[in-house]
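Hello,

Here is the structure I promised to pass on. Please open it alongside this note; my findings follow below.

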Amino acid sequence: MVAINQLYDSKFKTLPTITIQGWVKSNRNSNKIGFLVINDGSTLKSLQVVYHSDHSSWKKITEITTGSAVSVTGTLVMTKNAQQPFELKLESLDFLSLADKDYPIQKKAHGSEFLREQAHLRVRTDTFFAIFKVRNQIAFAIHQFFQAKGFIYLNSPIITANDAEGAGENFTVTTIANNQYHKDFFGKKAALTVSGQLNAESFAQGFKKVYTFGPTFRAENSNTTRHAAEFWMVEPEFAFASLNDTIDLAKNMVASVVSNVLTYCHDEIEFFQTKLQQEKSNKDNKEQHDLITMLEKLTVLDNYQVITYSEVIKLLEKAKNNGKEFVYNDIKWGMDLQSEHERYLCEEAYQGPVFVINYPQAIKAFYMKANPIDINHPEQKTVAALDLLVPGIGELIGGSVREDNYQQLLANKEQFKIASEDLQWYFDLRKFGYAPSAGFGLGMERLIMLITGVNNIRDVIPFPRTPGNLMF
């Protein structure tokens with residue numbers, strides 16, 4: 001048995017006969033010759049199988065439907081076509097499973113909305129095959145990066161009593177039909193995790209460097225192209241770390257992962273480059289979207305800029321005064337940056353990745369470390385936080401230094417109205433030799449969107465969970 005991707009290795013081209021198992025993408029024929037196009041999941045490229053009318057199973061082969069699973073045996077024949085350097089001359093074929101004629105993924109263009117309703121089959125299209133091939137490589141590259149830097153992989157709980165962000169947008173986990181959680185399975189209210197960060201902090205106090213990589217859940221009723229109810233987060237946490245250390249780790253991770261994908265998913269990235277250029281051309285005939293150039297910029301550490309939140313406000317005010325129109329146009333210190341502001345910074349102002357640091361305390365989480373008070377602006381309390389903004393996406397990474405002062409953390413608890421006592425263990429870490437700690441969260445799906453140019457989060461998750469949608 002040989003995989004199609006192996007056929008590009010010279011040692012497989014000399015085999016007298018080759019057997020390929022895969023799925024039929026198309027079957028066309030005339031009176032004397034036919035062509036089966038087969039993909040076996042090993043590569044984005046498919047194999048053309050040639051069969052002739054003198055074959056004993058000619059009639060049966062001509063009736064093979066798109067989507068059918070087959071096993072074909074034949075001899076490899078070289079061609080002069082650069083796009084298709086070889087094809088298989090059919091000798092025998094086993095019909096493993098014929099697809100019904102109403103198989104929905106036919107050889108024609110299908111819209112994303114339609115394919116989301118066919119999420120169990122859409123991986124058989126070139127676009128989704130490429131997306132999930134890239135997703136696999138990104139996941140591998142993330143583990144490879146952190147393992148090489150001595151980080152320990154932590155499996156943080158999926159069921160928890162903690163709401164790490166304090167926003168209350170979590171899914172309740174229960175076995176009862178009322179709110180008497182003291183009678184429930186855990187004897188208290190439980191939820192699906194919104195972040196593994198708090199657990200990671202405790203392990204960082206023993207291992208020094210850890211990371212979580214798993215599913216997280218937000219019950220946020222948001223029907224945008226960037227939000228989903230279930231998504232994957234990468235969350236490194238490391239002790240004895242500063243904000244600058246966190247910036248260095250974040251940009252090195254993104255640069256390393258993007259470089260890895262450019263190397264090992266070259267065909268897929270070329271596919272997305274071509275696809276995006278065609279879409280751009282079809283829309284307005286303006287400048288083509290150069291995905292590869294943008295990704296290559298992300299691999300160069302010197303391209304990452306750092307700017308404070310206060311400087312951002314001044315920059316946005318200047319842009320507004322110069323005629324730039326924002327939907328959210330009330331630019332002032334203390335506002336939460338909107339996606340349009342983030343994208344303006346990284347797509348127009350800096351035309352590349354930008355770290356925004358030192359956000360107002362009031363718009364960030366309770367666990368972020370307070371910066372020293374600026375004597376010139378004592379009312380502008382900030383925290384040692386960072387967001388990494390990238391073209392096409394906006395916010396890709398959010399992180400901070402963690403507040404290590406026990407009394408300050410208690411004050412934050414009151415300020416942010418965090419009533420739950422289930423976080424006392426987290427507060428107690430500060431009483432037991434807590435080394436200054438920092439970390440960040442990276443949304444896996446947003447990274448996939450960045451690397452592939454796909455503009456909807458529903459298309460980079462195998463089976464998307466969004467408001468009103470629980471198919472498959």
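Strand 2 (residues 33-39) pairs with strand 3 (residues 47-52) in the antiparallel sense, over 6 bridges. Within this pair, Ile33 stands opposite His52 of strand 3. Keep in mind that the model is predicted.

As a reminder, strands of a sheet pair through backbone hydrogen bonds, either parallel or antiparallel.

**Helix 9**

Helix 9 covers residues 309-321, which is 13 residues. At 1.5 Å a residue, helix 9 should span 18 Å. Its end C-alpha atoms are 18 Å apart, so the two values agree.

Which residues of helix 9 are buried? They are Tyr309, Val312, Ile313, Leu316 and Ala319. Seen down the helix axis, these buried residues fall within an arc of 125 degrees, so they line one face of helix 9.

What do the buried residues pack against? Their partners are strand 12 (305-308), helix 10 (339-349) and strand 13 (354-360). On the other side of helix 9, Lys314, Lys318 and Asn321 are exposed.

Gly323 follows helix 9. The phi of Gly323 is positive, near 105 degrees.

Best regards

Methods. Residues numbered from 1 in each chain as written. Predicted model: local features only at pLDDT ≥ 70, side-chain atom pairs only at ≥ 80, totals over all residues. Heavy atoms only, no water. Helix = DSSP H or I, 4+ residues; strand = E, 2+ residues; numbered from the N terminus. Expected span 1.5 Å × (residues − 1). Buried < 20%, exposed > 50% of the residue type's maximum accessible area, 1.4 Å probe, protein only. Arc of directions from axis to C-beta. Contact = heavy atoms within 4.5 Å. Pairing = 2+ DSSP bridges.
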